[in-house]
Amino acid sequence: MTLRLGRGSFEDSEILVMAIVNRTPDSFFDKGASWTDEAAMERVHQVVAEGADIIDIGGVKAGPGEFVSAEDEAERVVPFIAAVREAYPDVVISVDTWRHEVGRAACEAGADVMNDAWGGVDPKLAEVAAEFSAGIICTHTGGATPRTRPHRIAYDDLMGDIIGRTTALAEAALSAGVPREGIVIDPGHDFGKNTWHSLEATRRAGEMVETGWPVLISASNKDFIGETLDRPVDQRLIGSLAAVAVTAFEGARIFRVHAVAETREVVDMVASIKGLREPSSVTRGLA
Amino acid sequence: MSVVGAALVPAAPVLVPELSGQMMPAAEPLDAARAALRRLIDSDPEQLVVVAEADREAEFDRSARIGLHRLGGLPRAEDPDAAATEELPLPLAIGAALLDELDWAGPTSYRLLNKSISSAEAAELGQQLDEGDSRTGLVLLGNGSARSTEKAPGSLDPNAEQFNQDLLSMIEQGDRDAISQLSAEASEGQMSDIRLPLQLLAGVASLSPPVGEVGFADQFKGVYYLCATFLP
């Protein structure tokens, strides 16, 4: 299915890289590296040059921490979205928020996608997406409250829960008026899941693809990779790329990542393995 | 006949080796939990009753399956008989898995206590078990605060340390009054599920005062674990 994310339109064969740009002082991986306007814009210049298709801008760390009001969140992300839009009129911009007030202000500033990483906590977010013809990411969290950690969470049928909840959110977004081609589902690695659950969601990503909704994978540097390979947060790139490769092969379309250049290379390689992309240069045995 | 002893261990999935990965991250509390259960088994009970707190009341017998697949683990072949047998709820399943590992094969029943019941009701259940016909061992499942550090499941609560220290003190001293006064509200606020198992213990006259020999008392990943044995 052709993806239409606000001003961006992408053909079936395109695998997209979404670059994470945090406007937070405390996110788990970058720990404030793009907290200032200058550093954040420098990060945007870098990821665009490296081939990012979507810039995902968030103002609240996912984990527990200092309370950030909707007003404070908007202050962190909205002026910056306007600045990125001015610098890059055609790039697709996503806002990582669960609050419709922030989503609305972000769309007014030029955002194309609502990245609803806490899975429909605020149903009005889909209404905002519909109003602005923006896309929306429908994420599985198992019903978790925003900014909480999982504790002894269990699923009778993990993939049934993931598919049931995300497709229900997708259908609700459709009913709210979001264009079908702008709705994406996300298994929500680490959100409401232990490491076993996130590993299972990774190896069974193809079952989400079979629903027909485009699938986004957001696994970059997350704890399930750290626990699987016994690596601290700054040494999880290889594990992250392995998760990208597996899920790209299974048919996921969008990869939300910190390491754009490396991910771009992996998804290009996977696309070529799948026969969706011609190799860059073929001379071996052909001369 | 009466209750011959009790063991207190956390209902933590990380204590089950098939769930915790290659490196045994919780080796120390696991050793302490095994030791507490082993001492209970060595006290020669004819039957074990495994008790945990939950948001409903339920009883199960030994035919119930452990069913840890809901928590994960490596993919495994499906048990063709699985659908035909009842599955233990998670805290009880952790207790059952720990007992399985110790090769306990005797009669076992499992009891979920609804967290809405009072201290007196829990103690009455303990008294009933104590007045039974068999030599009974109690396996009590529960943890202290799950808000004991910044990175804890519920993040840090400023009252967590005091809550945990109070628990340790009442167990080491066998303080039935303090155990009886543990409040549901404070326990819920700390994401602790230890209240009712302890209050059931407080009703067991054969173990009065319920002085625990504590083998482990510390937080693991922000959850306060207590492993203890209570013997006459």
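1. Let me begin with a question: is A:Asn221 buried or exposed? Please keep in mind that this is a predicted model. A:Asn221 turns out to be buried, because 22 other C-beta atoms lie within 10 Å and the cut-off for burial is 20 or more. This residue sits in the loop between strand S9 (216-217) and helix H8 (223-229) of chain A.

2. A:Arg147 is another non-glycine residue with a positive phi, here near 65 degrees. You will find A:Arg147 in the loop between strand S7 (135-139) and helix H5 (158-176) of chain A. A:Arg147 has 16 C-beta neighbours inside 10 Å and so counts as partly exposed. As background, most residues other than glycine have a negative phi, and most peptide bonds are trans.

3. On the subject of peptide bonds, please look at chain B as well. The bond from B:Ser208 to B:Pro209 is cis, with omega near -5 degrees. B:Pro209 belongs to the loop between helix H8 (195-201) and strand S6 (212-220) of chain B.

4. Now for the sheet of chain A. Eight strands make up an open sheet with parallel pairing, in the order S8-S7-S6-S5-S4-S3-S10-S9. Strand S8 (183-186) and S9 of chain A are at the edges with a single partner strand each, so one side of each has no neighbour in the sheet.

5. Within that sheet, strand S3 (residues 16-22) and strand S10 (residues 254-257) of chain A are paired in the parallel sense through four bridges. A:Leu16 has A:Ile254 in S10(A) as its bridge partner. Helix H10 (residues 260-273) of chain A lies across S3 and S10 of chain A, and runs at about 165 degrees to S3(A).

6. Chain B contains eight helices and seven strands. Its strand S5 (residues 136-141) is mostly covered, with six of its six residues buried. B:Thr136, B:Leu138 and B:Leu140 point one way from S5(B), while B:Gly137, B:Val139 and B:Leu141 point the other way.

7. What pairs with S5(B)? Strand S1 (residues 3-9) of chain B runs parallel to S5(B) and is joined to it by six bridges, with B:Ala6 opposite B:Leu138. Strand S2 (residues 47-54) of chain B is also parallel to S5(B), joined by five bridges, and B:Gln47 stands opposite B:Thr136.

8. A word on the overall form of chain B. For 232 residues a compact globule would have a radius of gyration near 17 Å, and the 17 Å of chain B agrees with that. The C-alpha trace of chain B spans about 50 × 45 × 30 Å along its principal axes, and 49% of its residues count as buried. Of the chain B contacts between residues at least 6 apart in sequence, 78% join residues at least 24 apart.

9. Finally, the core and the interface. The largest nonpolar core has 156 residues, of which A:Ile55, A:Ile81, A:Ile136 and B:Val139 touch the most other members. Leaving aside residues up to four places away in sequence, the contacts of A:Ile55 include A:Val21, A:Val44 and A:Ile93. Between the chains, twelve residues of chain A are in contact with eleven of chain B. The chain A side of this contact has four nonpolar, three polar and five charged residues.

How values were computed. Residues numbered from 1 in each chain as written. Chains lettered and ligands numbered in written order. Predicted model: local features only at pLDDT ≥ 70, side-chain atom pairs only at ≥ 80, totals over all residues. Contact = placed C-beta atoms within 7 Å. Nonpolar A, V, L, I, M, F, W, Y, C, P; charged D, E, K, R; others polar. Helix = DSSP H or I, 4+ residues; strand = E, 2+ residues; numbered from the N terminus. Buried ≥ 20, exposed ≤ 12 C-beta atoms within 10 Å, placed from the backbone. Core = buried A, V, L, I, M, F, W, Y, C linked by C-beta atoms within 7 Å. Rg over C-alpha atoms; globule rule 2.2 N^0.38 Å. Pairing = 2+ DSSP bridges. Axes fitted to C-alpha atoms, helices over the stretch in contact; angles between N-to-C directions.
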